[in-house]
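Thanks for coming. I will go through one model today, starting with a pair of charged side chains and ending with a strand.

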Amino acid sequence: MTSIDRILQQEPNPFDAETFWSGNFWREDQDPQLTIESIHDEAVAEIQQILEMVATDHRTRTIMLEGETGSGKTYLLGRLKRKFNNRAFFAYIEPFTDSDYIWRHILRHTVDSLLEVPAGASEPQIVLWLKSLWAFKHRGILDWLRGERQMFINNIRAIYPAGIYNATEFFGVLHDLTNPKLVNIACEWLRGDDLEEEDLKALRVQESIDTEDAAQKIIANFGRIAAETKPIILCFDQLDNIARSPDGFLDLQSLFSVNSVIHNQKLQNFLVVISIITDTWKQNANRIQPTDKDRIDATIMLKQISIDQAAAIWASRLDRLHRLATPKPESALYPLTREMLEQKFPGGKTRPRNTLILGRQLFHDFKGVLVDAEADSNHLSDSGLSVLQAELIPGDGEELSEKSGYNDAGVAAFKLVWWRKFNGTSLRIDRIRQYSAPELMAMLAEVLQACLVGVSIQPRLLPGRTYGSYSLSYQTPDSPFRVGIVWSEDQNMVKFYNLMKLCQEVIEQNLCQKLILIRAEGVGTPSNRGNQLYGEIFTSNPHVHLIPDLTSVYYLAAYHGLVNDAYAGDLIVADRTPDIAELEATARQAQIFQDCLLLQDLGITRTAPSATDNQQQLRHIEDFILSRVINQQCIARQRLISETLTQFSHINESQINQLISHLCQEQGQIKIFDPEAKLDEQLLYSTIHQ
């Protein structure tokens, strides 16, 4: 028999922030057992009705999903994806970084989403989409594969005799999606990657999709063909970190212009969902053209939740712990109470996130009392543990504590959020060209902004609309030189030559005194004019060429995800919702970029002391273990080992135990309540004040 209080000591806080903050709903797995169906059920029903209308008449419709920060907009998108998994194809469109690149951005992320395998399926959405086409259903995909490629193109063109842009090449690439030898480059072409001549020839296409007009028309192709299959839901979320217009405001007009084009050109079978924070909409609505606002078919407001619904959220989180205990607690809310909710929210209404944050704080306080009692019973009063006074958070919607910087426990909580984001990012990125040049440069700019305190970073060092978003420049206060950075992974050598010409112009005009080219792709052969210009510029000081590694891109992309979350109010660290300034400060405080090789090569971070990759990994794992114990105050040793194995699959249990022993014996930041107990019965606790 294990009492509930012992279970509460052994297990992590079920309201931990990293278990409920969310960004890209494709990347964040949601536990359906934690979903309270009554919450936002009216919104779900209305969206379902609109989706059924699109499926019936194939006319595209647009929904604006509006709600306060923490009302559950992003979570609702994930819930819709689960609920309508068999009724629609879903595409998550990340915040666009360059308005001049918006159609190509939408195409890239639409194809990326269609390459995802939906829950319960064994094949990507795009394969399921192909198989649901009339041509495949009635003739059989194996028949198509056995036939000649041209026969496939002729037959499918007969089904769609008009209205398909670049029909022969487009249908040919669709056929190549079923060819194991060509499927990868076929996907790259569809998403708008800049391909080498050899790859273009293999696909039998003339050129890459490298213009806004071409990207728009390819999206139209998807819509026209999808009219005979399930609708495609395009979800735009976290819009507070999109590109800005010249006057500094969010460029929502570009997004709403795209939506109008989708409607005006009668692209079929799309359901466009624009998720936006209420305050953001109020601040920017008058900047949107009235005709574009008229293209919103329905506005759905997410309401606050009741005390009953808030209590149900708490009960769903605590249920797993209760099922581990013998006897099971009489109250489904133990160690919390309904009265705590009523005291905190006297108006009877709140938001899902505030409910979860309050639950975390109260559970944390209660666990602190248990830990203190355990310490007293083991004569460990000198351990540095202190009982936290249970204080309810200030007011509904207000910040949880003063924003005066994180203490050790706050930094530990941030590191856990960071490692979760970093590890998740590394699993889904397998090549640098997974991101476009404007995206790579925008992500690098965000990291530089965090690392270079007080430095003004100027975008668009290169002139012109085509390559401007491939570049930036900055100057530190202690340097007389302005540094320019250009990042391009375009494979086409004509584009590379054009890029080198612009780099030459920048140097000749003295717009920067040091120009850095970041590029992992090749630079051509000596007979290539682009290669010749490259040799003149980047093979001698002060201008240099840096070759980025994939792990450095993990750093940039993971931090970009946190930036999106911070702007959208979706980032929770401990009991706080840091804004972008706090995120930058905490990233520096936690030193999360110290092992990023690209930043070391750029001279942004100091080169770490020489250490093997294995030593670095062990340091990261030890940091995770320490952060987790600090964050939880107390946790079962075996539970901690299990979590560490999940985060770092390349380590074994014996190595983890060695790291725990090192933290206990040499650093003294972790202690064991009963060192003589069996390993699977030991409780670890932190000596760091919370």
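Start at Glu 342, which is partly exposed at a relative accessible area of 37%. For the burial terms, buried means under 20% relative accessible area, exposed means over 50%, and partly exposed is in between, using a 1.4 Å probe and protein chains only. Arg 338 is also partly exposed, at 31%. These two form a salt bridge, with the closest N and O atoms 3.1 Å apart; the term requires a side-chain nitrogen of Lys or Arg within 4 Å of a carboxyl oxygen of Asp or Glu. Both sit in helix H17, residues 338-344, 4 residues apart, or about one turn of the helix. Helices (H or I, at least four residues) and strands (E, at least two) are DSSP runs, numbered from the N terminus.

Some housekeeping. This is a predicted model, in which local features need pLDDT of at least 70 and side-chain atom pairs count only at pLDDT 80 or more, while totals for chains, interfaces and linings use all residues. Residues are numbered from 1 along each chain as its sequence is written, and side-chain values use heavy atoms, with hydrogens and water left out. pLDDT is the predictor's confidence in each residue, from 0 to 100. The chain has a mean pLDDT of 88, and 91% of its residues reach 70 or more. Over residues 379-404, pLDDT stays under 50.

Back to the charges. The whole structure has 36 salt bridges. What does the one between Glu 188 and Arg 433 tie together? Its closest N and O atoms are 3.6 Å apart. Glu 188 lies in helix H10 (183-190) and Arg 433 in the loop between helices H19 (408-428) and H20 (437-451), so the pair links parts 245 residues apart in sequence. Both residues are buried.

By contrast, Asp 430 is exposed, at 56% relative accessibility, and its salt-bridge partner Arg 431 is partly exposed, at 25%. Shared partners join these residues into one network, whose members include Glu 188, Arg 433 and Glu 521.

Last, strand E4, residues 270-277. There, 8 of the 8 residues are buried, so the strand is largely enclosed by the rest of the structure. Both faces are covered, with Phe 270 among the residues on one side and Leu 271 among those on the other. Phe 236 stands opposite Ile 274 in E4.

Conventions. Contact = heavy atoms within 4.5 Å. Pairing = 2+ DSSP bridges.
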